[in-house]
Amino acid sequence: MTPAVGTNVLRKEGPEKLTGRALYIDDHKLPGCLFGATLRTTIPYGRLKRLVFDPAFPWKECVVVTAKDIPGKNEVALIEHDQPILVDEIVRHPMEPIALVAHKSRARAYEALKHIQAEYEPLDPVLTMEDSLAVKQAIFPPSNVFKDILIQKGDLESGFTQAEVVVEGEYRVPWQEQAYIENNGMAAWVDKDGTIVVLGSMQCPYYVHKSLAYAFGKPAEKVRVIQATTGGGFGGKEDYPSILAAHAALLAIKAKKPVKIIYDRPEDMAATTKRHPAWIKHRTGVTRHGKLVVQDVEVVMDGGAYMTLSPVVLSRGAIHAAGPYECPNVRIRARAVATNTPPNGAFRGFGAPQTLYAAELHMAKIAHTLGVDPLTLRRINVLKLGSSTATSQVLRESVGAEDVLERCVVKSGYVKRRIECAQHNRDPKSPAWKGVGLSLIYHGSGFTGAGEVMLASQAGVALDKDGRIRVLAASTEIGQGTITMFAQIAADALGLPVGWVDVETPDTSKVPNSGPTVASRTCMIVGELVRRACLDLKNDLATVVKGGVPRSEKELRRAASAVCGKAPSKEYIASYEKPREIVWDDKAYRGDAYGAFGYAAIVVEVEVDKATYEIKVDKVTSVFEIGKAVHPLLAEGQIIGGLAQGLGYSLMEDPVYRNGVMVNAQLTNYILPTSLDTPPMDIEILEKPYSHGPFGAKGLGELPMDVPGPAVAAAVFHATGRWIPELPILPEKILKAFSHDQAKG
Amino acid sequence: MRGDSASMKVLRPATADEAVRMYARAPKALPVAGGTDVMVLWNAGLLNGRVVLDLWGVEEWRKIRVRKDGILIGALATHARLREHPAIREKFPLLSEACATVGAEQIQNRGTIGGNVANASPAGDTFPALAVYEAVVHVASAKGRRTLPLSQVFAGVKKTALAPGELIEAIFLPMLPRRPDRRVFRKVGQRAAQTISKTVGAAVLFLNKDGTVEELRVAFGSVAPTVRRLRAAEDALKGRLLTAASAEEACGLIERDISPIDDMRSTREYRLRVTRNILRAFLWS
């Protein structure tokens with residue numbers, strides 16, 4: 001049998017999506033379905049006094065739900081239970097749901113919202129991280145701090161004594177919108193036996209399941225969550241679908257009919273989660289030759305009005321905040337704070353793009369201060385096999401940092417291009433400055449620290465009596481290739497053709513809880529569970545097939561019948577087992593933060609127009625080390641898409657907030673890169689297998705999001721001699737940097 | 001998606017006469033040409049319950065007529081056609097270049113020159129070219145026809161001086177006395193396509209035999225409530241040689257004609273500086 005892993009097999013769901021047969025939530029026709037719409041708050045902070053319903057409006061056409069209709073607890077069950085499903089009294093941000101209306105006409109449902117008046121008693125809001133830290137108003141008592149993390153290694157004081165040069169820097173990054181193609185949407189109905197069923201666009205069916213069971217006071221088996229074909233997520237469908245599902249279910253219960261809620265783009269952008277803005281300070285001590293001696297890093301992230309996933313985002317941000325370098329003395333202090341803005345949440349990279357932007361641009365600044373090339377500085381300090389990270393994790397295997405750096409430098413002609421650009425910039429007649437920037441990052445695969453142990457994920461495979469093989473996992477296909485990759489792993493573990501393997505729809509009544517589809521964990525963690533479960537199935541097949549492995553589908557059917565006996569199918573479920581060598585101390589924030597890291601390096605070439613300060617990325621060269629590329633073409637697709645998203649974050653995406661709410665919540669004025677803005681990309685994947693990943697695989701999805709930002713900023717510095725420490729690097733900021741210099745000089 | 005087509009009434013004239021008569025009877029109707037701006041409002045539900053006058057079927061307004069004295073462009077000519085039209089590319093290249101930067105290909109295929117003018121956005125990408133070419137706008141109503149210079153069409157942000165019942169039927173570009181010695185079109189946006197201008201400019205320059213400026217025409221958009229000719233700079237250079245000093249002097253006068261603002265897309269400072277830089281590079285480089 002030729003292995004499927006490592007080859008570009010056809011995407012499992014490709015034909016359905018290509019031919020338009022795949023059903024996204026808005027495509028599902030549900031008999032008698034009503035359309036739900038959401039009334040939202042309009043003030044950032046205050047007290048809801050009452051709701052006034054226009055007596056002239058024909059309310060009997062509608063079903064209306066308010067907080068009073070919630071049968072269980074009016075709380076979204078996440079890390080903390082601080083967020084209400086519908087506001088009953090205190091308003092904490094300007095896009096909170098207050099009331100829901102369902103009508104058989106979508107237009108009438110929206111019309112009805114205009115006939116409800118919310119009366120408030122406003123309070124002074126906290127809208128910035130600075131005001132939150134100063135406790136201008138205790139909106140999350142007592143300190144407005146959702147989570148405070150301290151990572152310590154070595155001794156800070158002696159580090160600064162030894163340091164020959166100290167470099168300081170302050171960096172800022174803004175919100176970012178996931179901008180998946182399909183907006184959030186969910187349908188709900190109640191089955192005859194009283195089971196609440198929701199069907200919709202989501203990343204984490206069991207998160208939705210847990211929060212619904214809690215809100216409706218139902219036992220687990222009376223709640224069923226099914227993922228519809230989902231048009232992208234990027235983290236944006238990690239926690240918000242729990243709220244949306246509760247809303248749809250509340251309306252469906254009251255209406256006694258199916259109800260669908262589909263957000264349009266402005267509502268989706270303004271109300272649902274964004275990447276956390278952050279503010280990061282570095283103080284770094286080095287020797288004259290560039291050896292890192294001490295790193296002192298402070299991180300503050302804006303969590304928004306409720307805790308949601310902020311502690312976990314902060315944790316990943318903090319752990320990555322020192323960059324992929326070895327330093328004997330490190331202190332990282334990280335805090336996530338509350339503001340009266342919609343909660344920020346998961347977004348590809350999950351805190352790391354923010355802190356790695358600061359860490360990597362700071363490396364460029366250190367190199368400039370010392371007068372050494374940024375490449376030299378990285379070569380001196382890069383993590384190697386046996387190195388110890390900021391959390392004192394000793395890297396035992398699969399360490400690709402040096403490999404990606406060196407390969408990327410050769411591939412891009414970095415050294416030569418740096419010199420050529422510097423020469424070009426001496427010509428005053430040229431209409432543009434040119435620059436080359438470099439960055440190197442790492443990204444931990446899977447949940448942090450003890451996270452995977454707490455998740456205790458399960459996944460497996462089923463063999464049906466008729467010979468159908470189904471991978472069982474709650475991990476969702478959201479465009480990244482989950483089901484194709486699962487089929488490849490299962491096929492190779494079983495020694496069977498990939499075409500013989502199906503992947504079950506994530507439906508909580510059919511699949512075990514394999515955890516959320518996040519954190520670059522689906523392939524490495526869940527894929528390994530699938531592989532292990534398949535080995536058990538393989539053993540069973542071997543007992544009933546001559547030669548051990550079925551050679552035809554007919555032989556498989558015969559074997560299935562023998563294995564299943566009288567049962568319709570037999571399931572093989574594997575549970576997560578922590579590799580013994582992984583040790584994490586959550587109190588001290590020390591130890592093995594991740595089983596393995598993926599690595600990426602990038603070289604970016606830019607030109608900056610001297611008349612308009614417009615920045616054009618001419619070329620990107622990027623090298624990734626991911627253990628094993630299970631599907632090289634899909635992996636490359638993930639990389640190209642992630643790099644484009646990272647370039648958008650670096651150069652143009654700029655959510656504008658006024659009074660706590662995003663005011664450019666439309667694709668017409670929230671500027672995403674188009675294909676014309678996406679430069680040629682030269683990409684290479686390296687493989688240093690990880691012993692606990694399926695066929696050596698580690699995480700990939702988030703790496704490309706982390707890497708472009710600091711390289712773009714470094715390239716702009718190389719071109720213009722101006723540091724732009726705040727993303728996005730807009731032409732307006734470059735102009736300001738020049739004006740500032742003129743004003744001084 | 002909050003647009004509710006069922007709540008809207010669509011009038012579909014097939015001829016110019018029918019269009020002006022229908023509009024006279026339904027003066028509150030919203031005229032729609034390519035619909036690229038209207039769709040944004042429709043999507044937000046802002047047109048629910050409205051009457052719409054769909055002009056797309058008025059064939060006679062689609063024509064582009066090349067005459068000796070100029071080119072008469074039917075209001076429904078799309079940006080894609082203007083981008084490709086041989087006579088426009090030859091005689092009025094700034095307009096073709098501008099049309100090639102409107103939205104993206106999809107928008108250019110559908111958006112029209114008449115719709116662009118009627119929408120009167122401060123950022124209309126074709127307006128600086130039209131201003132430099134001193135376009136004349138032909139309007140029609142049930143009461144008759146009249147012409148007015150482009151500069152009199154725009155009354156403010158998204159406002160025109162068209163009288164109730166008036167529709168734009170064509171835009172006339174008078175031939176230039178000769179081929180300009182220099183020209184430039186420059187659009188500055190946040191990305192390479194589908195972008196609203198931060199500043200957008202067009203200019204032509206005619207030089208005398210002795211190298212002095214015979215005539216400079218320069219206009220910018222997105223830097224004032226409506227497109228503006230930079231008259232002070234134009235006048236200051238008349239009859240003078242272009243030198244670093246005279247170019248700088250002209251650049252120093254742009255604030256007499258424009259007054260950019262800070263908004264979601266850019267800043268006053270940026271718009272001013274970049275407008276000046278583009279003008280300087282055009283005059284003296």
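Start with one pair of residues: G460(A) has L472(A), in β18(A), as its bridge partner. Strands here are DSSP runs of E with at least two residues, helices are runs of H or I with at least four residues, and both are numbered from the N terminus. This is a predicted model, in which local features need pLDDT of at least 70 and side-chain atom pairs count only at pLDDT 80 or more, while totals for chains, interfaces and linings use all residues. Residues are numbered from 1 along each chain as its sequence is written, chains are lettered from A and ligands numbered from 1 in the order in which they are written, and side-chain values use heavy atoms, leaving out hydrogens and water.

Back to the strands. In chain A, β17 (residues 458–464) and β18 (residues 469–472) pair in the antiparallel sense, over 4 bridges; pairing requires that DSSP find at least two bridges between two strands. Helix α15 of chain A (residues 522–544) packs on the sheet and touches β17, β18 and β20 of chain A, at about 35° to the direction of β17(A). Contact means heavy atoms within 4.5 Å. Angles run from 0 to 180 degrees between N-to-C directions, with axes fitted to C-alpha atoms, for helices over the stretch in contact.

What is the strand order of the open sheet in chain A? The order of the 4 strands is β19-β18-β17-β20, with mixed pairing. In chain A, β19 (501–503) and β20 (569–575) are at the edges with a single partner strand each, so one side of each has no neighbour in the sheet. From one strand to the next, the twist averages 25°.

Now the interface. Chain A puts 33 residues into the contact and chain B 24 residues. About 2,400 Å² is buried between chain A and chain B, and carbon and sulfur atoms give 53% of this. Buried area is the accessible area (1.4 Å probe) that two parts lose on being put together, summed over both. On the chain A side, A611(A), E732(A) and L735(A) lose the most area to chain B, together 21% of what that side buries.

E732(A) also forms a salt bridge with K198(B), at 3.1 Å from N to O. The rule asks for a side-chain nitrogen of Lys or Arg within 4 Å of a carboxyl oxygen of Asp or Glu, and it finds 5 salt bridges across the interface of chain A and chain B. Both α2 (106–113) and α20 (731–744) of chain A supply at least two residues of the side that touches chain B. The most comes from α20(A), with 6 residues.
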